Amino acid sequence: MKIAKAKKGQNVENVVDNVSIDEIKKHNEDSALALFLDLDFSVSQYKALVSDCVQRNARLYPNYTKIDAAKKNCLVQIQHSSDKEVFVSLQNILNKTTERLCDSVTQEWDERSLFNLELVVSIGFDSSSGHVSPHQKSADDTEEKIGTQTSLFVTCFNLLEISCKLKNFENHWINPTPQSIRFTRPLRMSVEKEDCENIRKEMKRLDKEINKLNGYKFILPNKKVVRVKYEIYKTMFDGKCVNSLIENPAASRCPMCLKTAHQFGNSSIDFTPKESSLSFGLSLLHAEIKAFEHLLHLSYRLELDPPGWDVRGITDNSS
């Protein structure tokens, strides 16, 4: 029996009554976990939902113990944790993310394409301030460090694409929301300010981990062998981070060409972008804001023909 579709104005309950028991799709551990997280259930709420379904002879959801096991299967081992910071290995979290992603989107792909996959991610860091300072102090806290406890410095990466680079194979998955946090994974969180010293220190740590990255080979539940290599782009930075990384001392200078707004009116100056700056990418939001800001500054220097007039000297005769 096919499941009937509800027409406009038709009661959904009448449609459900026409569905046989064999056609009812039960939740597995992963789908139930996704529902648990999307609806922001508490443990007691989920257990109440499962209990109500059992009382109505409809075992649609697995027990919470299976949900908890599925959640732990998504986690990676923490490499280091302290009162000031916590971070995981870039290699380990990329491997775990690749396993989960391939299990979801590559089940029907050709085996030859699965053996030559490339995962593309963008990586970067940013900070936020104004957080509530904890009342409990660490053993190494000093008067100078107390102010940094209200700032949170976060390093993360975002999935962009996984695809096969072989010819005649068009299997690929592209992140539908690359500007969203939906496919973003945290790497490191620390209680510190986003100053030049911490920015360069974190970039040095990231470069060391990226240089040590290796490809990953594993087996899917359907017994297909997957081999993937990683392509990392360091492009998730704002203007402050880029200025610190390229050692641009003045925020008023363009981080791409290192020219000031006063120099933009001189067409004889070379505005070729620096390769070191372009390697950190262009944030769409900041690029659009800065581009129109520079266009506005250029318009200030235009010579009008005929010359401009003073609006205050014009009288409206029609009134």
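Select Thr-98 and Tyr-230 to begin: their side chains make a polar contact at 3.4 Å. A polar contact here is a pair of N or O atoms within 3.5 Å; within protein, one must be able to donate a hydrogen and the other to accept it, and residues adjacent in sequence count only if both atoms are side-chain atoms. The model is predicted, so local features need pLDDT of at least 70 and side-chain atom pairs count only at pLDDT 80 or more, while totals for chains, interfaces and linings use all residues. Residues are numbered from 1 along each chain as its sequence is written, and side-chain values use heavy atoms, with hydrogens and water left out.

Stay on Thr-98. Its relative accessible area is 0%, so Thr-98 counts as buried (under 20% relative accessible area; exposed is over 50%, partly exposed in between; 1.4 Å probe, protein chains only).

Next, select 90–105, which is α5, the helix that holds Thr-98. Helices (H or I, at least four residues) and strands (E, at least two) are DSSP runs, numbered from the N terminus. α5 has 16 residues and spans 22 Å from its first C-alpha to its last, close to the 22 Å expected at 1.5 Å a residue; the expected span is 1.5 Å times one less than the number of residues. Buried residues in α5 include Leu-90, Ile-93, Asn-95, Lys-96 and Leu-101. At the N-terminal end, show Ser-89, which caps α5 with a side-chain oxygen 3.3 Å from the backbone nitrogen of Gln-91.

α5 supplies the largest share of the lining, eight residues; α2 (29–38), β2 (85–88) and β6 (184–190) each supply at least two.

Finally, select 189–216, where an unreviewed UniProt entry places a "coiled-coil region". In the model this stretch is 57% helix and 11% strand, with its end C-alpha atoms 25 Å apart. Within α7 (196–211), pick Cys-196, which is partly exposed at 39% relative accessibility. The C-alpha atom of Ser-244, 48 residues away along the chain, is 5.4 Å from that of Cys-196.

Definitions and conventions
UniProt positions renumbered as here; feature names shortened; annotations may be inferred.
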